[in-house]
Amino acid sequence: MSLVVVGSVAYDGVETPHGKVDRMLGGAATYISLAASYFTPVKIVAVVGGDFAAEDTELLVSRNIDLEGLERVPDGRTFFWAGVYSADMNDRYTLATELNVFAAFNPQLPAAYRSANYLMLGNIQPALQKNVRAQMDGVQFVGGDTMNYWINDFRGELLETLKEWDFLLINDSEARLLSGETNIRRAAAAIQAMGPQALVIKRGEYGAILFQGERHFIAPGYLLERVFDPTGAGDSFAGGFIGYLAGQEAQRNRGEIDFAELRRAVIHGSVMGSFCCEKFGVDRFRTLTHAEVDARYAEFQECASF
Ligand code: AMP
């Protein structure tokens, strides 16, 4: 069983109170894939330019990520994003978004990807997300992420896309924007009515809430002593969530994935999101071991059990 991940592969410039890096590997699909690779084989679909470094390719290959769907445009430049964080790191300001080769991104799945059972659509234009979903035969569990820009300016396309999703991962302010409800429980019900049977509302350092049908589950955030760089934490959460489900070969039963399995997936998401923040960019994934992942999962069980 494998997982297809679609989204941006980028170079990022990031400044946090702990330091500044002008250019390093980033992108939503990168973080999702790296995090998911701890649980399941991953196939990536993205585009990069001729400036994409061999060492960055090697990091993805070292995590066994299939790069057949990574399109390379030799005379183009890789998507570049730069941002700076507030002193408490709860706010992020975008300084630069240079789409470069990403502007013409129209994901086409290699034949070998189309029969994968799990699909995670990173934050790209909703019509492209819909188009990718249509290229998959018999996908078991599909969903993704979105952002304010698509909710505000591409609402119709987004609603058409969401109809075909089993899960949506979204942060609390986006959930309010998408639903038009300020109360989070009412917001969740409104979004579930748009399509996704499972909804995860992320609340940054405070964790996440999972909704399915009438049920919900509140997952804590991990109390890190120091957050170096939150970039990619949401995407790493998504990678842990869907990667875990794919690794377990989670199947729908009467349309739904078992709620207990979804709860474990959300905790794996929190585990991977927390590791991501411990170093700049993707650096934590260079050394992270399965034993560390398992140990942190056990810590979550301990601190949330009563
Ligand atoms: P996160 O911190 O989880 O929201 O993810 C941050 C990552 O998203 C960075 O590595 C950026 O390269 C990437 N990113 C930023 N803006 C965009 C965008 N407009 N489309 C796709 N990816 C983006």
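**Packing inside the model**

Guide: Apart from its neighbours within four places in sequence, Leu 245 is in contact with Tyr 118, Phe 141, Ala 250, Ile 257, Glu 261, Leu 262 and Ala 265, contact meaning heavy atoms within 4.5 Å. This is a predicted model, in which local features need pLDDT of at least 70 and side-chain atom pairs count only at pLDDT 80 or more, while totals for chains, interfaces and linings use all residues. Residues are numbered from 1 along each chain as its sequence is written, and side-chain values use heavy atoms, with hydrogens and water left out.

Leu 245 and Leu 262 are among the residues with the most contacts inside the largest nonpolar core, which has 59 residues. A nonpolar core is a set of buried Ala, Val, Leu, Ile, Met, Phe, Trp, Tyr and Cys residues joined through side-chain atoms within 4.5 Å. Buried means under 20% relative accessible area, exposed over 50%, and partly exposed in between (1.4 Å probe, protein chains only). Leu 3, Val 9, Met 120, Phe 241 and Phe 285 are also among the residues with the most contacts in this core. Helix 9, residues 259–276, gives the core its largest share, nine residues; helices (H or I, at least four residues) are DSSP runs, numbered from the N terminus. A second, separate core has 41 residues, including Leu 128, Ile 151, Met 194 and Leu 199.

In soluble globular proteins, nonpolar side chains tend to be buried together. Trp 150 is buried at 12% relative accessible area, whereas Phe 154 is partly exposed at 22%.

Technical notes
Helices (H or I, at least four residues) and strands (E, at least two) are DSSP runs, numbered from the N terminus.
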